[in-house]
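I opened a notebook for a structure that is new to me. The entries below follow the order in which I looked things up.

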Amino acid sequence: MAKNSLSIVDNRTGKSYEIPIEEGGVIRASALRNIKTSPEDFGLMSYDPAFTNTASCRSKITFIDGDKGILRYRGYPIEELAEKSNYLETAYLIVKGELPDREHYQRWENNIKIHTMVHESIKQFMQGYRYDAHPMGMLLGTVGALSTFYPDAANINDLESRRLQTRRLIGKMPTLAAFAYRHTRGLPYVYPDNDLSYTGNFMSMLFKMTELKYKPNPVLERALDVLFILHADHEQNCSANAMRSVGSSQPDPYAAAAAAVAALYGPLHGGANEQAIRGLMEIGSVKNIPDMIKRVKNRERRLMGFGHRVYKNYDPRAKILKKLAYEVFEVTGKNPLIDIAVELERIALEDDYFVSHKLYPNVDFYSGIIYQAMGFPMTMFPVLFAIPRTAGWMAQWAEMVRDPEQAIARPRQVYIGEQLRHYAPIDQRPKPTQREDAVSEAI
Ligand code: CMC
């Protein structure tokens, strides 16, 4: 009869082991430790750089089936949420696990909005950045600085404290992001207007000039809401993993969220949409696409906005954004890069290299085109990713804090360095050329 276990024979010793298979296809890496050649032996361990085949947690938040192109938050398909929900409601779903009823939604919205203001010292802190500071760098430093404003956040095992910090950070992220943007423009910061929606207020803090009240364009306000829904969580991506990993040493969540922002900054994660736009601008015209495809196939460069660690089929978020782009252009006028993007996608999806490598457009392929049409500079793109992802980060962090199986994240390593050697006085060490060769490898 079929058994839910794995039999392993260690050919070094001839011993056999039975390891349980859990959750329909998971083995515990710690089970390998029992496989030893002698009682003193450390036992086997698995080697998995970049965690390509290692689950670091059990989670109830986001489900992805990368082969089928499925993304669900708490069981709800991303397509339904993008069509019917708004960002704050989706954030509630991600953080709390269920969609709210009307009363809970109103309370949640109010609880987020009362946290949109930031301490005046935060404003002064931001004014200290150089005039040309990257807004993502400013956000990263300022999220970390929140840790010093809310010492109560250190009570990570207190449910009420976790809830408060979650509302605070979701409430304050648009304000910090907008202040960073205004700073780069040399414009005075605009305080929150809580009569407006979450995204409408964000637009007001970004774009309000001398008018008494900013009126967001409803199509663009809704488009930003959809973009925020699509970016709200994405299970164990690099920044969620940073949030959990740093959070596992039990600092307050602002310190962990600063690490998550840092992880998102990189061009392989939240910085990819900027790179995708730069790639499209470099192509410049539809007639240059075949040359770019050739360079990608020759491995001279990557096509940014293509490929994904998990999706090996179309990223469902890219499908929604492709459609959304044309709705936005009705208001903003067409971003000419869309023609290059659509044609590039068409040609790539017919090409053997892309098909065999399962490379499809990801969320970053179209989001930058929309942001650019809405008037955002490219440096703001990762910031626009960080605002909605805050709901995901806080949910992932809270899940980690409550999980009895989680402990400080501390991977093992396979040591490949020098064996024991002894300290030599400085003038008895190897000749500089030999030493420099060894040292230069380290940096
Ligand atoms: N263009 C050309 N070739 C690619 C690309 C690409 N964008 N992505 C992967 N490949 C190739 C790669 O050269 C390798 O080929 P081979 O096996 O022949 O050597 C193969 O596909 C597997 O690549 P990988 O780097 O091992 O795959 P990964 O799972 O480690 O990387 C990725 C995933 C997203 C980092 C990668 O696809 C990439 O660099 N894409 C461009 C950056 C990008 O768009 N990032 C945004 C990701 S979605 C938003 C987010 O989650 O932040």
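Which residue forms a salt bridge with Lys113, and how far apart are the closest N and O atoms? I found Glu109 as the partner, with the closest N and O atoms 3.7 Å apart. I took a salt bridge to be a side-chain nitrogen of Lys or Arg within 4 Å of a carboxyl oxygen of Asp or Glu.

Before going on, I noted that this is a predicted model, where local features need pLDDT of at least 70 and side-chain atom pairs count only at pLDDT 80 or more, while totals for chains, interfaces and linings use all residues. Residues are numbered from 1 along each chain as its sequence is written, and side-chain values use heavy atoms, with hydrogens and water left out.

Entry: helix H3.
I placed Lys113 and Glu109 in helix H3, four residues apart, which is about one turn of the helix. Helices (H or I, at least four residues) and strands (E, at least two) are DSSP runs, numbered from the N terminus. Lys113 is buried at 13% relative accessible area, whereas Glu109 is partly exposed at 22%. For these words I used under 20% relative accessible area for buried, over 50% for exposed and the range in between for partly exposed, with a 1.4 Å probe and protein chains only.

I then looked up Glu103, which forms a salt bridge with Arg107; their closest N and O atoms are 2.6 Å apart. Glu103 and Arg107 are four residues apart in helix H3 (residues 102-113), so about one helical turn separates them. Arg107 is partly exposed, with a relative accessible area of 44%.

I also checked Tyr105, which is found in helix H3 and counts as buried at 17% relative accessibility. From Tyr105 to Leu324 I noted 219 residues in sequence and 26 Å in space, C-alpha to C-alpha.

Entry: other salt bridges.
How many salt bridges does a search of the whole structure find? The search finds 28. One of them joins Glu160 and Arg163, with the closest N and O atoms 3.0 Å apart. Both residues lie in helix H6, three residues apart, about one turn of the helix. Glu160 is partly exposed at 46% relative accessibility, and Arg163 is partly exposed at 33%. I also noted a network in which salt bridges with shared partners join Glu282, Arg295, Glu300 and Arg301.

Rolling a probe the size of a water molecule over the atoms shows where empty space is left. On a 1 Å grid over the protein atoms alone, a cavity is a set of points where a 1.4 Å probe fits but cannot get out; a pocket is an open set with protein on both sides within 12 Å along at least five of seven lines; lining residues have an atom within 4 Å of a point. Grid points are joined across faces, edges and corners, and a volume is the space filled by probe spheres set on the points.

I found one cavity of 30 Å³ or more in the whole structure. The largest cavity holds about 60 Å³ of space. Its lining includes Gln275, Leu280, Arg301 and Phe365. Helix H11 (residues 272-283) gives the largest share of that lining, five residues. I sorted the lining of the largest cavity into seven nonpolar, two polar and two charged residues. Here Ala, Val, Leu, Ile, Met, Phe, Trp, Tyr, Cys and Pro count as nonpolar, Asp, Glu, Lys and Arg as charged, and the others, Gly among them, as polar.

Entry: the second largest pocket.
I read a volume of about 460 Å³ for the second largest pocket. Of its 19 lining residues, Arg74, Val95, Ala398, Glu399 and Arg402 lie nearest the centre. Helix H2 (87-96), helix H6 (159-185) and helix H17 (381-402) are the elements that give two or more residues to the lining. That lining has seven nonpolar, two polar and ten charged residues.

Entry: two loops.
I found Glu235 in the loop between helix H8 (218-230) and helix H9 (238-247). Glu235 has a positive phi of about 40° although it is not a glycine. Gln250 is found in the loop between H9 and helix H10 (253-265), and its phi is near 70°, a positive value in a residue other than glycine. Gln250 is exposed, with a relative accessible area of 53%.
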